[in-house]
Amino acid sequence: MLTISHYTKTYPGGKTAVEDLSLHVAPGEICGFIGHNGAGKTTTLRAVAGILSFTQGRICIGGRDIQKDPVGAKAMTAFLPDNPDIYEFLRGIEYLNLIADLYEISASDRQKRIGLYGDAFGLTGELGSAIASYSHGMKQKLALISALIRRPKLLVLDEPFVGLDPAASHLLKGYLQEICDEGGAVFFSTHVLEVAEKLCHTIAIIQQGRLIRQGPTQEVVGDSSLEDVFLGLTERRDVS
Ligand SMILES: Nc1ncnc2c1ncn2[C@@H]1O[C@H](COP(=O)(O)OP(=O)(O)OP(=O)(O)O)[C@@H](O)[C@H]1O
Ligand SMILES: [Mg+2]
């Protein structure tokens, strides 16, 4: 579903944030992307979402090249940034309708899905209010709902569990699993290693812009814990 080949990003000013990264996320797979602060996770996720240009390499979603066919690739992808920066002057329902219009979701589907996810996240009663009046977590839930109503083939999330209450986190885990059960794929960054270990089928570990480990979670973790493996791997590299 997602193939990243030799992705390299050098920011204007000369900082190479990610170098020669290759990664594959298959349909039905949840892939956890972990790494220290500044390792290059957001830089990679934003390129996959098609909102950050890059220096070298190729990114394909469902076989569509994000640079050559950005509209085709983006039509299959929903991206949830780490900071839910949504148009504050809109009401929640107006934002969801805007997204539904952009992605051509029929009136009956949008009504059903907004009702379903709005009720599940306990946001239905607030959808008539201005987004400016929402708490951080409520904005995050609204952004999540806007991604879920699209039924994306690939869902890309940057630190989705930060700021969500336990009930919403639990719900989100179920929805990520549902996307995979329906043949989609999920690629997300997280610092919550317990969640990654339990939820992800595969793990990719990035350090200082380079992928240092990737594979099925069971293989990566072995008899240890993801935390121990991660700390061991990154410590060794820091020393060398
Ligand atoms: N706009 C930018 N211009 C220049 N350098 C940048 C820019 N954005 C990020 N970087 C640099 O790229 C590197 C990777 O940053 P990135 O945001 O991808 O890290 P991250 O893994 O998402 O970290 P965190 O866990 O803190 O979110 C860092 O060294 C950062 O300073
Ligand atoms: Mg980041």
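Guide: Before we start, a word on domains: their bounds come from an automatic or database domain assignment. Residues are numbered from 1 along each chain as its sequence is written, while chains are lettered from A and ligands numbered from 1 in the order in which they are written. The model is predicted, so local features need pLDDT of at least 70 and side-chain atom pairs count only at pLDDT 80 or more, though totals for chains, interfaces and linings use all residues.

Visitor: Thanks! Which domains is the chain divided into?

Guide: There is domain 1 (1-76 + 155-240) and domain 2 (83-151). Their C-alpha centres lie 25 Å apart.

Visitor: How many residues does the contact take from domain 1 and from domain 2?

Guide: Domain 1 gives 8 residues and domain 2 gives 9, where contact means C-beta atoms, placed from the backbone, within 7 Å. On the domain 1 side, helix α6 (residues 166-181) gives the most, with 4 residues. That side has 6 nonpolar, 1 polar and 1 charged residues. Here Ala, Val, Leu, Ile, Met, Phe, Trp, Tyr, Cys and Pro count as nonpolar, Asp, Glu, Lys and Arg as charged, and the others, Gly among them, as polar.

Visitor: How many helices and strands does the chain have?

Guide: The chain has 9 helices and 10 strands; these are DSSP runs numbered from the N terminus, H or I of at least four residues for helices and E of at least two for strands. The C-alpha trace spans about 55 × 40 × 35 Å along its principal axes.

Visitor: What about the inside? How much of the chain is buried?

Guide: Buried residues make up 39% of the 240, buried meaning that 20 or more other C-beta atoms, placed from the backbone, lie within 10 Å of a residue's own.

Visitor: And which residues have the most contacts inside the largest nonpolar core?

Guide: Those are Val-156 and Phe-187, in a core of 67 residues. Such a core joins buried Ala, Val, Leu, Ile, Met, Phe, Trp, Tyr and Cys residues through C-beta atoms within 7 Å. Helix α5 (residues 136-148) supplies the largest share of this core, 7 residues. Domain 1 and domain 2 both give residues to this core, so it lies between them.

Visitor: What does Val-156 touch?

Guide: Leaving out residues up to four places away in sequence, Val-156 touches Leu-45, Val-48, Ala-49, Thr-77, Phe-79, Phe-187 and Phe-188.

Visitor: New topic: what surrounds ligand 1?

Guide: Among the residues around ligand 1 are Tyr-11, Lys-15, Asn-37, Lys-41 and Thr-42, counted when the C-beta atom, placed from the backbone, lies within 6 Å of the ligand. Helix α1 (residues 41-48) gives the largest share of this shell, 3 residues. By class, the shell has 3 nonpolar, 7 polar and 2 charged residues.

Terms used
Buried ≥ 20, exposed ≤ 12 C-beta atoms within 10 Å, placed from the backbone. Contact = placed C-beta atoms within 7 Å.
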